[in-house]
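Student: I am new to this structure. Please show it to me and take me through some of its parts.

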Amino acid sequence: MATRRRSIAAALASFFFLLLQLAAVSHGQLQVGFYSQSCPNAEAIVASVVRQAGASNPTLLPALIRLQFHDCFVRGCDGSVLIKGGNNKAEVDNNKHQGLRGLDVIDGAKAQLEAQCPGVVSCADIVILAARDAVAFTGGPSFDVPTGRRDSKVSNLRDADSLPDVKDGIDVLRSKFAANGLSEKDLVLLSAAHTVGTTACFFIQDRLYNFPLPGGAVGSDPTIPPGFLSELKARCAPGDFNTRLSLDRGSEGVFDTSIFRNIRNGFAVIGSDAALYNATSTVDVVDSYSGLLSTFFGPYFRQDFAEAMVRMGSIGVLTGKNSNGEVRKVCSKFN
């Protein structure tokens with residue numbers, strides 16, 4: 001009798017678990033392979049477009065990784081950053097999105113997807129897939145990402161005011177990440193996307209020449225080692241906003257843990273990266289990935305970075321046909 005009751009209980013548990021799974025699917029929750037039936041080649045099409053863009057201009061790959069961050073941290077991962085309003089009031093027109101690139105790659109992928117599967121694949125998902133592929137094509141990890149996002153019907157200039165900034169201190173950065181459900185470990189891992197790519201001198205001008213000092217004076221950030229400061233000033237003269245320099249000194253083209261050692265040793269280029277070594281909680285995370293033995297014994301940067309990208313990709317998503325979202329026909333404008 002007891003055995004029979006246990007069997008019935010196990011069967012009921014399995015039944016209710018199945019109901020929960022079906023409910024999740026019916027409500028349009030994110031899932032890996034969301035387009036496997038409706039547009040089977042969707043992920044391959046995006047990967048092909050990203051690969052071609054990277055082959056033509058390798059700097060677009062880090063730009064696509066950055067694009068996911070800029071989309072997800074404003075209203076969630078909803079493609080709102082892709083809207084071009086023409087009146088300078090769209091989200092993308094905010095100065096926090098200065099230098100944002102890769103939008104044409106997203107448009108190119110969308111055009112191919114619309115030709116094959118009209119009205120199926122959202123622009124928000126294309127951003128996520130393109131960033132995932134860009135990570136892999138720079139030598140980073142390959143990983144699955146859940147899809148099923150819908151595109152927003154809103155894109156406001158001022159919404160982007162809340163984006164993390166290169167001038168933010170560690171407390172502000174932690175607060176902005178926490179507001180999006182991300183931990184201090186996520187803050188460090190996602191900042192480590194700077195292991196590839198460059199930045200414009202525009203983003204470090206204040207750190208080099210207009211940094212607030214005691215007594216109301218301004219000058220250079222005193223935490224920058226003198227030799228590195230001279231190196232940066234030689235590359236970025238006062239008023240030079242356009243020259244580009246590596247975010248990961250000596251290793252800009254390789255997806256590796258060098259960025260952590262640069263941050264630890266005072267060679268962070270932008271202020272927000274340097275800030276990661278200003279609080280014990282984030283210092284511990286930086287140090288844990290800095291050691292050469294972490295590659296063999298953990299923590300494992302590549303795996304943890306991939307998981308952090310997936311977590312970021314889940315911020316504020318619109319899912320299901322009952323959500324206040326749509327699947328745009330053209331990524332730069334609402335339907």
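Predicted model: local features only at pLDDT ≥ 70, side-chain atom pairs only at ≥ 80, totals over all residues.

Tutor: Residues are numbered from 1 along each chain as its sequence is written, and side-chain values use heavy atoms, with hydrogens and water left out.

Student: Where does His 194 lie?

Tutor: Helices (H or I, at least four residues) and strands (E, at least two) are DSSP runs, numbered from the N terminus. His 194 sits in a loop, between α7 (184-191) and β1 (198-200).

Student: Is His 194 buried, exposed or partly exposed?

Tutor: Buried means under 20% relative accessible area, exposed over 50%, and partly exposed in between (1.4 Å probe, protein chains only). His 194 has 22% relative accessibility, so it counts as partly exposed.

Student: Which residues does His 194 touch?

Tutor: Contact means heavy atoms within 4.5 Å. Residues up to four places away in sequence are not counted. For His 194 that gives Leu 247, Asp 248, Ile 259, Ile 270 and Asp 273.

Student: Which residues of α7 are buried?

Tutor: α7 is mostly covered, with six of its eight residues buried. They pack against α6 (170-179), α10 (258-264), α11 (271-274), α12 (280-290) and α14 (301-312). The buried residues are Asp 186, Leu 187, Val 188, Leu 189, Leu 190 and Ser 191.

Student: At what angle do α3 and α5 pack?

Tutor: Two packed helices are described by the angle between their axes and the distance between the axes. Axes are lines fitted to C-alpha atoms, for helices over the stretch in contact, and angles run from 0 to 180 degrees between N-to-C directions. Helix α3 (residues 60-72) and helix α5 (residues 123-137) have axes 8 Å apart, at an angle of about 145°.

Student: Is Asn 88 buried or exposed?

Tutor: Asn 88 is found in the loop between α3 and α4. Its phi is near 60°, a positive value in a residue other than glycine. With a relative accessible area of 56%, Asn 88 is exposed.
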